[in-house]
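This report goes through a protein model by its secondary structure, its sheet and a few individual residues. Please keep the sequence and the coordinates at hand while reading.

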Amino acid sequence: MDKKEVIMEKLYEQKKNLEDMGYNVAYICLFGSQNYDLDLYTDDYKSDFDMKAIVIPDLDSLVQNSKPISTKYEYEDGEIDIKDIRVFIETLTKTNPAYIETLYTLYYIIDERYSNEINSIISKRDLLIYSFKPLFAKAIYGMMMEKQNAMTHPYPKTKWKIDKWGFDGKQSSHCIRLAYLMKNYFVDGTNLSASMIPNKEEKEIIMRHKLNQISLDEAEKDVEHYIQIANEIKNEVVNLFDIDPTYKNEIIKYSRDIIKKSIINEVKQNY
């Protein structure tokens, strides 16, 4: 099987697993390095197959005003971030880069019952980002700052990297990748889909960080350099563009339509 076939098989497997666990999965997609052409499968480094799954609340959850689902589930090849569609849409419309990515991945499954609404949301992705440019620039910059802080923090899963190299190269590599995304999209005017994939030169720099092939001192200087560039881009974008909520409101409406459709189907089947 080629790469896409492998990924799609994993998506179908995990969609079924989640449904067997009782989740109503409207959308499941790949999240992470495969989307940026930065995945590796060597003896020394194997990329995970992380996913995001968007689920729909049932009638009882809505009636009882239960807290929307937001949890993570680990499986043998990675982690699945499970989000109630209400949480997903709220975070998406704040232009969080980790959620915007879910609208641009090539690897996804849409439940056919909600295909019209979800495809409509995806079709609005470029308009949403363009109308929220200042918010998107701030969100990317904020995530870069988080990655900078995380690169030397000894989290339980990455403490061994800190002990060995002084920093987690995966975190610094994400910081630099996001800086290139900002430059490609906001400065060069490249469409967002293409902006997410670094060119050959950019990829080489990112990979040196990802594989911890540089010193801590060099890594910190690189990250500080790219954060300074990103901050300048962010400030310019914030000063030049206004926010238009039109497409945000349209996307929220589509998500409500999905919930309504799901509840109607549930009522027809059970009552």
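## Helices, sheet and selected residues

Helix α7, which covers residues 133–150, has 18 residues and spans 26 Å from its first C-alpha to its last, close to the 26 Å expected at 1.5 Å a residue; that expected span is 1.5 Å times one less than the number of residues in the helix. Helices (H or I, at least four residues) and strands (E, at least two) are DSSP runs, numbered from the N terminus. The model is predicted, with local features requiring pLDDT of at least 70 and side-chain atom pairs counting only at pLDDT 80 or more, whereas totals for chains, interfaces and linings use all residues. Residues are numbered from 1 along each chain as its sequence is written, and side-chain values use heavy atoms, with hydrogens and water left out.

The buried residues of α7 include Phe136, Ile140, Tyr141, Met143 and Met144, where buried means under 20% relative accessible area, exposed over 50% and partly exposed in between, with a 1.4 Å probe and protein chains only. The buried residues of α7 pack against α4 (97–100), α6 (125–131), α9, α10 (192–195) and α12 (216–240).

Helix α9 (residues 169–187) has 19 residues and reaches 26 Å from its first C-alpha to its last, close to the 27 Å expected at 1.5 Å a residue. Because 16 of its 19 residues are buried, α9 is largely enclosed by the rest of the structure. At the start of α9, a side-chain oxygen of aspartate 168 comes to within 3.0 Å of the backbone nitrogen of lysine 170; a polar contact is a pair of N or O atoms within 3.5 Å, and within protein one must be able to donate a hydrogen and the other to accept it, while residues adjacent in sequence count only if both atoms are side-chain atoms. Just after α9, glycine 189 takes a positive phi of about 75°. Histidine 174 lies in helix α9 and counts as buried at 18% relative accessibility. Leaving out residues up to four places away in sequence, histidine 174 touches Tyr36 and Lys147, contact meaning heavy atoms within 4.5 Å.

The sheet is open, with five strands in the order β3-β4-β2-β1-β5 and mixed pairing; two strands pair if DSSP finds at least two bridges between them. The edge strands, each pairing on one side only, are β3 (70–75) and β5 (108–110). From one strand to the next, the twist averages 15°. Helix α1 (residues 3–20) packs on this sheet, touching β1, β2, β3, β4 (78–84) and β5, and its direction makes about 140° with that of β1. Helix α5 (residues 115–123) also packs on the sheet, touching β1 and β5, with its direction at about 135° to that of β5. Axes are lines fitted to C-alpha atoms, for helices over the stretch in contact, and angles run from 0 to 180 degrees between N-to-C directions. The buried residues of α5 are Glu117, Ile118, Ser120, Ile121 and Ile122, and they pack against β1, α3 (85–92), β5, α6 and α13 (246–270).

Six bridges join β1 (residues 25–31) to β2 (residues 50–55) in an antiparallel arrangement. Across this pair, tyrosine 27 stands opposite isoleucine 54 in β2, and leucine 30 stands opposite methionine 51 in β2. Three bridges join β1 to β5, which also run antiparallel, and isoleucine 28 stands opposite isoleucine 109 in β5. Six of the seven residues of β1 are buried, so this strand is largely enclosed by the rest of the structure.

Glutamine 34 lies in the loop between β1 and β2. With neighbours within four places in sequence left aside, glutamine 34 is in contact with Lys3, Ile7, Asp39, Tyr41, Ser47, Asp48, Phe49 and Tyr107.

Asparagine 65, in the loop between α2 (59–63) and β3, has a phi near 55°, a positive value in a residue other than glycine. Threonine 95, in the loop between α3 and α4, likewise has a positive phi, of about 60°, although it is not a glycine.

The table gives relative accessibility for some single residues.

| Residue | Relative accessibility | Class |
|---|---|---|
| Cysteine 29 | 1% | buried |
| Glutamine 34 | 4% | buried |
| Asparagine 65 | 66% | exposed |
| Threonine 95 | 0% | buried |
| Cysteine 175 | 0% | buried |

A search of the whole structure finds zero disulfides, a disulfide being a pair of cysteine sulfur atoms within 2.5 Å.
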